[in-house]
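Dear colleague,

Please find below the structure that I am handing over to you. My notes on it follow directly after.

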Amino acid sequence: IRYAGTRFNEFMFATGDCKKWMIVPRTSVLGWYSNGQRRILKSSVKGSPYFARWYRRKGVRHDPHLTLRDYRYSVNRKEQLYLGNNVGANRHQPQWSHGGADVYIRNKVVKLPDCTKMDGGGWKLVRHVPANTGRWHPAADQLRGTASYGGRGTKQSEHPWSIRYAGTR
């Protein structure tokens, strides 16, 4: 099944018996990194967000290496949940004793409260950074309102955005 073009913001990687699993933001998987710290929202080893070191290198066809904990720790404990390109080394195959290895996607929508009505209302949302990025606003305008990036979005947007508000009264 092709899922390119499908709107989603989370992956879940799981063994076939669902005993080993993790839910990660799409942004944690995509991009290029080598032993890079990537965010895991929750997993079979921890019920709250944490980071693990993974690999997704340009030109390395069996990447990404996605594991429950740091790759170097997980590889000998059979905690790998994804390897690509039909890699076949025995140490990379915990799925043999767990009913396979599965990949799921979903577009999780979190209903956030409307803050524009607080304290009598009149507020306008001008800048947003989503919770799953692990970073603060990319703007460097020191809140002068001159930065514009990411297009006009909403509180539900999956990417940071800002509109110009300098000169607004």
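S43 is buried, at 4% relative accessibility; buried here means under 20% relative accessible area, exposed means over 50%, and partly exposed lies in between (1.4 Å probe, protein chains only). The residue S43 is found in strand β4, where strands (E, at least two residues) and helices (H or I, at least four) are DSSP runs numbered from the N terminus. The side chain of S43 makes a polar contact of 2.8 Å with that of Y50. Such a contact is a pair of N or O atoms within 3.5 Å; within protein, one must be able to donate a hydrogen and the other to accept it, and residues adjacent in sequence count only if both atoms are side-chain atoms. Apart from neighbours within four places in sequence, S43 is in contact (heavy atoms within 4.5 Å) with W21, M22, Y50 and L68.

Two remarks on the basis of these values are in order. The model is predicted: local features need pLDDT of at least 70, side-chain atom pairs count only at pLDDT 80 or more, and totals for chains, interfaces and linings use all residues. Residues are numbered from 1 along each chain as its sequence is written, and side-chain values use heavy atoms, with hydrogens and water left out.

The sheet

Strand β4 belongs to an open sheet of 4 strands in the order β4-β2-β1-β8, with antiparallel pairing; two strands pair if DSSP finds at least two bridges between them. The edges are taken by β4 (42-43) and β8 (101-106), each of which has a single partner strand, so one side of each is left without a neighbour in the sheet.

Going through the sheet in order, β2 and β4 pair over 2 bridges in the antiparallel sense, and I23 stands opposite K42 in β4. Strands β1 and β2 also run antiparallel and are joined by 5 bridges; here F13 stands opposite M22 in β2. The hairpin of β1 and β2 has 5 residues between the strands, and within this hairpin C18 takes a positive phi near 65°. Between β1 and β8 there are 6 bridges, again antiparallel, and T15 has A101 in β8 as its bridge partner. As for burial, β1 is mostly covered, with 5 of its 6 residues buried.

The nonpolar core

A nonpolar core is a set of buried Ala, Val, Leu, Ile, Met, Phe, Trp, Tyr and Cys residues joined through side-chain atoms within 4.5 Å. The largest one in this model has 14 residues, and those with the most contacts inside it are F13, M22, V24, V29, I40, W54 and L66. At least two residues of this core come from each of β1 (10-15), β2 (21-25), β3 (33-40) and β5 (50-56). The largest share, 3 residues, is supplied by β5. In soluble globular proteins, nonpolar side chains tend to be buried together.

Aromatic pairs

How many aromatic pairs does a search of the whole structure find? There are 4, where rings of Phe, Tyr and Trp (its six-membered ring) pair if their centres lie within 6.5 Å, and planes under 30 degrees apart count as stacked, over 60 as edge-to-face and the rest as tilted. The ring centres of F13 and Y82 are 5.9 Å apart and the planes stand at 55°, so this pair is tilted. It links distant parts of the chain, since F13 is in strand β1 and Y82 in strand β7 (residues 80-82), 69 residues apart. F13 is buried at 2% relative accessibility, whereas Y82 is partly exposed at 31%.

Y55 and Y71 form an edge-to-face pair, at 5.4 Å centre to centre and 80° between the planes. Because Y55 lies in strand β5 and Y71 in helix α2 (residues 71-74), the pair ties together parts that are 16 residues apart in sequence. Y55 is buried, with a relative accessible area of 7%, and Y71 is buried at 10%.

Cysteines and P138

The structure holds 0 disulfides, a disulfide being a pair of cysteine sulfur atoms within 2.5 Å. C18 is partly exposed at 47% relative accessible area, and C115 is partly exposed at 37%.

P138 is placed in the loop between β9 (127-128) and β10 (161-162) and is partly exposed, at 48%. Leaving aside neighbours within four places in sequence, P138 is in contact with Y149 and P160. The C-alpha atoms of P138 and K108 are separated by 24 Å, with the two residues 30 apart along the chain.

With kind regards
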